Amino acid sequence: MIRLMQLEDFTQLQALWEPEDMRYSLEGFQDLLARNPQTCFVYQEGQRILGAACGTYDGRRAMLRSVAVLPEARGRGLGKQLVRAVLVAFQGQGLYAIRLHVMADNAAGIALYESLGFEAHLDVLYMGLNLPTPADSFCC
Ligand SMILES: CC(C)(COP(=O)(O)OP(=O)(O)OC[C@H]1O[C@@H](n2cnc3c(N)ncnc32)[C@H](O)[C@@H]1OP(=O)(O)O)[C@@H](O)C(=O)NCCC(=O)NCCS
């Protein structure tokens, strides 16, 4: 069943997210849920969380984030159900323009989002910068 994400889910979510390079500190996770209590969902079977998806809104953009399903539970439609739950919740909040980032070589992720009607915005360039850390400036 799908239900809203809760603070108590943190340990299981870490195990789900970390292998996918989605990392939250406990403080970051608490903040995520405090800001988005009605748009983050998990799929639970028995006591086990099999998947998760989160919608975040910062006052400007509604974003889909941290979508993941355990490897052994993939291909059963759970990812799609989870993303649908986020979309319905966003709609309920009057948020209609939903955005997300996905790696260009993530065929499963792209297939999931396309199956729900998402389209690539090819006019957008995703840019990044790694600022020097204190360790970088500590030189010999
Ligand atoms: C992406 C991910 C969440 C998909 O979850 P899932 O539960 O396996 O997906 P679903 O079973 O709900 O499939 C949804 C749709 O995507 C398609 N799809 C899923 N995996 C696919 C794959 N590997 N190749 C091609 N299509 C795929 C399905 O056929 C389905 O399409 P349909 O409804 O038109 O038949 C899962 O693969 C995952 O956790 N990947 C690692 C984390 C990740 O990449 N997250 C997205 C980051 S932006």
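Helices (H or I, at least four residues) and strands (E, at least two) are taken as DSSP runs and numbered from the N terminus. The structure is a predicted model, in which local features require pLDDT of at least 70 and side-chain atom pairs count only at pLDDT 80 or more, while totals for chains, interfaces and linings use all residues. Residues are numbered from 1 along each chain as its sequence is written.

The chain contains five helices and five strands, and along the sequence these elements follow the pattern β-α-α-β-β-β-α-β-α-α. The C-alpha trace spans about 55 × 40 × 30 Å along its principal axes. A residue is termed buried if 20 or more other C-beta atoms lie within 10 Å of its own, exposed if 12 or fewer do, and partly exposed in between, with C-beta atoms placed from the backbone. By this criterion, 24% of the 140 residues of the chain are buried. Two residues are said to be in contact if their C-beta atoms, placed from the backbone, lie within 7 Å. Among contacts between residues at least 6 apart in sequence, 56% join residues at least 24 apart.

Strand pairing was assigned where DSSP finds at least two bridges between two strands. Strands β3 and β4 run antiparallel and are joined by six bridges; within this pair, Gly55 stands opposite Leu64 of β4. Four residues separate the two strands of the hairpin, in which Gly59 adopts a positive phi near 95 degrees. Strand β4 also pairs with β5 (residues 98-99), here in the parallel sense and over two bridges, with Ile98 of β5 as the bridge partner of Ala62. The path from β4 through α3 to β5 forms a right-handed β-α-β crossover, that is, one in which the path from the first strand over the helix to the second runs clockwise when the strands point away from the viewer. Six of the eight residues of β4 are buried, so this strand is largely enclosed by the rest of the structure.

Tyr57 is located in strand β3. This residue counts as partly exposed because 15 C-beta neighbours lie inside 10 Å. Setting aside residues up to four places away in sequence, Tyr57 touches Asn36, Ala62 and Leu95. Tyr57 and Leu32 are 25 residues apart in sequence, and their C-alpha atoms are 10.0 Å apart in space.

A nonpolar core is defined as a set of buried Ala, Val, Leu, Ile, Met, Phe, Trp, Tyr and Cys residues joined through C-beta atoms within 7 Å. The largest such core comprises 26 residues, and those with the most contacts inside it are Phe41, Ile49, Ala52, Ala53, Leu82, Val83 and Val86. At least two residues of this core are supplied by each of α1 (10-17), β2 (40-45), β3 (48-57), β4, α3 and α4; helix α3 contributes the most, with six residues. In soluble globular proteins, nonpolar side chains tend to be buried together. Ala53 touches Phe41, Leu64, Ser66, Val67, Leu82, Val83, Ala85 and Val86, residues up to four places away in sequence not being counted.

Ser66, one of these contacts of Ala53, lies in strand β4. Although not a glycine, Ser66 has a positive phi of about 55 degrees. Ser66 counts as buried because 21 C-beta neighbours lie inside 10 Å. A positive phi, near 65 degrees, is also found at Asp21, a residue other than glycine. Asp21 is situated in the loop between α1 and α2 (26-35) and counts as exposed, with 8 C-beta neighbours inside 10 Å.

The ligand is surrounded by 19 residues, of which the closest are Arg74, Gly79, Lys80, Ala108 and Ala111. The elements that give two or more residues to this shell are β4 (62-69), α3 (78-92) and α4 (107-115). Helix α4 provides the largest share, six residues. The shell divides into nine nonpolar, six polar and four charged residues, where Ala, Val, Leu, Ile, Met, Phe, Trp, Tyr, Cys and Pro count as nonpolar, Asp, Glu, Lys and Arg as charged, and the others, Gly among them, as polar.

Glu72 lies in the loop between β4 and α3. With 8 other C-beta atoms within 10 Å, Glu72 is exposed. Glu72 and Leu50 are 22 residues apart in sequence and 8.6 Å apart in space, C-alpha to C-alpha.

Conventions: Near = placed C-beta within 6 Å.
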